[in-house]
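Please look over the sequence and the model shown here before reading on.

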Amino acid sequence: MPYFLPVQKFLFFAVIVSRISAFNVSISIPPRAAINAPRVLPSLISLSIELDRWTDWAGTTSRNEFFFNTLDNLRQLTGQPPNIRIGGNTEDHTNFHQDVEFSETIFPPFTPVVPYPEATNVTVGDSFYATTRFLPPTFALPETKKAGIILDYLEIGNEPDLYKNNGLRPSTYNITQWLAFAQNVSAAANLGPTSRTKFLGASFAGSSHGASGFSPQNAFQAGLLTGPGKMISAISQHRYSGSFCTGGSALLSDLMTKSTIRSNLTVFAPDIQATVSQGLGYILGETNSYSCHIQPTTLARSTLDGSSLPTPAPPHVQPQYYAAVIAGEAIGKTGKAQVLEIDIDHPQIAGYSFYEDYLLVRAVFINSKAYLPENTILQTMILLMAVLIHTEVPPLHAAVDRKHALGDRARKIDQGILITRFELPFNIWCGTCNNHIGMGVRYNAEKKKIGNYYSTPIYSFRCKCHLCDGWFEIQTDPKNTRYVVVSGAKQKNEDWNPEENGGFAIHDTEETTVAADPLATLEKTTDAQNHLRRVEAPRLESLQTLSENYNADPYTLSSKVRKRFREIKKVEQQKQKADDHIRNRYGLPATLRLLEEDEASIKEAKEEWDRGQRELATRVSNKRRRLAVDIVSIQSSSSSPSTVKTQSSKHIDSLRARILENTARRTDPFGRFTSGTSS
């Protein structure tokens, strides 16, 4: 029986059972989890229910309140109800008929050894699948209300390794026959690589754990993942510790040993490793109990010998339910729970520590020794002394502070889910509360890649309705460049058809149904062959010949290229040196690019120089003539006496010479003039 420990610096806990024979067990609990500590899904403990009794579990016209409350109790603990597989042996006896409302079953007579036998034949109708509407809200998909269902998995055949014993299939049943079934099922259900519904492979009752017999390893080697097998996304196996199908004296308490519980999973370690290496999920579908079942309804016959009960026994749960409650409380609602097994040196005591954000939050201990009140044998008290060992705490930077860069948005990144902001691309009606949700409303959606259309990824966005507790899912559709609602809601149809309004269709995603003209097809084929023979083939041959010439002697070609490169490099270096000399001589910037000297550039530069010289000479001559005219005008307009004119003439000549000299200096900065001369 399990017990929880609160988190303290030092923890002491005692498990007391009636008559006492006490001894102590010391354990150590790491207060922080390792970086690689596995994360536990809220739906870790799920259910596998025999198909012939499914309507007893779920209900037909009204829900089974007992079963519903059982699932809802687990949902309240983890925030997510357990997954449900409807199958088992009777799935191989099941047929579909449209005239059947729910199901029609044929059971063999009960016996004292088998008071509740399995059905030998089951026929189901559409309403059989619609009974899922009676499950907790997470299961209540709108498709079930509209007589349409989206499944997570399809399982073809239950425990095929036992067919040779029960006669459900020939003893030669193999992978080839499974692929044939899968091909027909995928075609009838219109399944493809981008479909949400995938196949659940194997479902073996045992395993050879090697490359022979029935095992995942041998199934992969035999081609299970080819053809329609590419749509397998998980491998399932079953593990029972015993069987009660033909009666027996074994008790459930016989299963409650630490070694038995551990071996149910460790025995499949090679199979799990081989499955994960193929990129597939692994599901231990039926385990940890005795095979064969009873229904969750009022019992009129004894489960031990089939005799009539004086008072009908109400439905009741088995120990597995209480184990699921304990596991749900340990996992919690955050979706971040990590678990580590505590090393306890005792054959009947097991312990597990649970962490969130690498910090210890809960610990659970299980005493697998059965306690029966009517047993007079001396019972045992085990004193657990649990101490948090601080010396085993990993460095903060390696554990606690080593969080994902995206923070809480990446809390489900190990499941391939990223929390992202998603805006509704169209108007929808919620399938749970039937409320209208407008385009543009934003949600914190669980974004997950579910496939590819060629090289374009296909993403799903799972959102929780803000008006109720229902979830809906929208996926991208790269083929048609749009979004589609796949579950939980209904899209408002607002598409405008241009053809119905006098326009033309922009694009048509439907394949044409017009039969091709055989003569036109033949003509195109002939033209293509002629073009291939006359144009493409000679071109390819010439390219091949050229390639062979280039690759005939790669050493010689490489030598020529390197020699040519050295010659060009030498010329470039000489030119660079000459350009640097010119830049340094005339003070030109280093970034100025100089033209290469050739006859054309030299001729052009010379012509430009001569033109500049002519323009300069013209400007100087014009200035000198204007200056001379001004001076003559000044002299002719003077009315001073001759004596003054004689004296001032010298000053005028001197002034004129100075002006001419200054003008020459300004117009010819290189000093090509003679002082004291004039023109």
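Helix α6 (residues 175–188) lies across β9, β10 and β11 and runs at about 155° to β10, where helices (H or I, at least four residues) and strands (E, at least two) are DSSP runs numbered from the N terminus, and angles run from 0 to 180 degrees between N-to-C directions of axes fitted to C-alpha atoms, for helices over the stretch in contact. Contact means heavy atoms within 4.5 Å. This is a predicted model, in which local features need pLDDT of at least 70 and side-chain atom pairs count only at pLDDT 80 or more, while totals for chains, interfaces and linings use all residues. Residues are numbered from 1 along each chain as its sequence is written, and side-chain values use heavy atoms, with hydrogens and water left out.

**The sheet**

- Four strands in the order β9-β10-β11-β13 form an open sheet with parallel pairing, two strands being paired if DSSP finds at least two bridges between them.
- Because β9 (153–155) and β13 (281–287) stand at the edges with a single partner strand each, one side of each is left without a neighbour in the sheet.
- Neighbouring strands of this sheet are turned by 30° against each other on average, direction ignored.
- Strands β10 (residues 198–204) and β11 (residues 232–239) pair in the parallel sense over five bridges, and the bridge partner of F199 in β11 is I232.

**Residue Q338**

- Q338 is placed in strand β17 (residues 338–342) and is buried, with a relative accessible area of 5%, where buried means under 20% (1.4 Å probe, protein chains only).
- The side chain of Q338 reaches the backbone oxygen of A37 at 3.2 Å.
- Leaving aside neighbours within four places in sequence, Q338 is in contact with residues including A34, P38, R39, F354 and Y358.

Technical notes. Buried < 20%, exposed > 50% of the residue type's maximum accessible area, 1.4 Å probe, protein only. Polar contact = N/O pair within 3.5 Å; in protein donor to acceptor, adjacent residues only side chain to side chain.
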